[in-house]
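User: I'm new to this one and would like to know what the labels rest on. Could you take me through it?

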Amino acid sequence: MDSVASGIRTLGPVVAGTDGSEPATKGVLWAADEAAARGRPLTIVHAIGVEQAQYLAFDDSHLILGTAREVLDKAAARVADRHPGVSVSTELSRDEAADSLLEAAGTDGTIVVGSRGLGGFSALLLGSVGLRVAARARGPVVVVRHSPGVPSGVVLAAVRDDGDRDTLRFAARTASLRKASLRVVSVWLFLQNVGSMATMVDDVSGIVRAEADATSRIVAPVREEFPDLVITEEVLRATSVAGALVKACEHTDLLVMGARRPAHAIGSPLGRVTHAVLHHAPCPVALIPR
């Protein structure tokens, strides 16, 4: 079994990045909730991105490192107040934020980042560090842009084909641990398929049934693995995959989707749909390597 699948089956430790900003703190607290649900440790990482710190003047170096430790101590204290039973460790890194998080997570850790940071060399900006981590991670990455105040008790999984089985398994295990239900959706692009697929079936309803059957085949093994989990399936007809997913997750605790990484991407290191959902989803988004 490869390392990604193994990590998804077991749900390893949780790693959260922080720069002390409020959005980053939201990510840390979400990570603490997840670590508590899993019964796994939480590592909080703060990266100052100053490998040459030893060459700075003593006062400058002392100030930078002292401030960094304060950031970590405050984050750890917030977690301790929220989940006293969670084992928390902190890590201060002189490397860049993305590299620091990836190294701390290893092959089976889940990385959690906030959607925005303070700016500058220690920021966890969705447009930079968060996207680079999501594009390179070997395990799950969760971007917490919005954290619902009152849990809905629903985890949403977006699937398209057999390549999303690990995505679905991660969503099912997360829902099970959080005592939530799992809603599985697939999106059928209406305008894209009218010309090419309409001749293959009698009508639009036939296309939807075919999509629903394909989704059911993907979900079937997960139903067997999690017999006590409430799972619903739905095919969404839309003209935009990203738009449909953003709308679908309006009242969910977490959206889980595969991280599609174009082989020769220009601009975003992730697919267009993934990139759009990360920027607009009203709930945390978990990206699972495909």
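**Labels and what backs them**

Analyst: Start with a contact: V241, A242, L245 and V246 in α9 meet V273, A276, V277 and H280 in α10, where contact means heavy atoms within 4.5 Å. Keep in mind that this is a predicted model, where local features need pLDDT of at least 70, side-chain atom pairs count only at pLDDT 80 or more, and totals for chains, interfaces and linings use all residues. Residues are numbered from 1 along each chain as its sequence is written, and side-chain values use heavy atoms, leaving out hydrogens and water.

User: Which residues of β1 are buried?

Analyst: V14 and A16 on one side, V15 and G17 on the other. Buried means under 20% relative accessible area, with exposed over 50% and partly exposed in between (1.4 Å probe, protein chains only). So both faces of strand β1 (residues 14-17) count as covered.

User: Why are β1 and β2 said to pair?

Analyst: Pairing takes at least two bridges found by DSSP. β1 and β2 (residues 42-47) have four, in the parallel sense, so they pair. Within that pairing, G17 stands opposite V45.

User: And what makes β4 a partner of β1?

Analyst: Three bridges join β1 to β4 (residues 110-114), and the two run parallel. V14 stands opposite T110 there.
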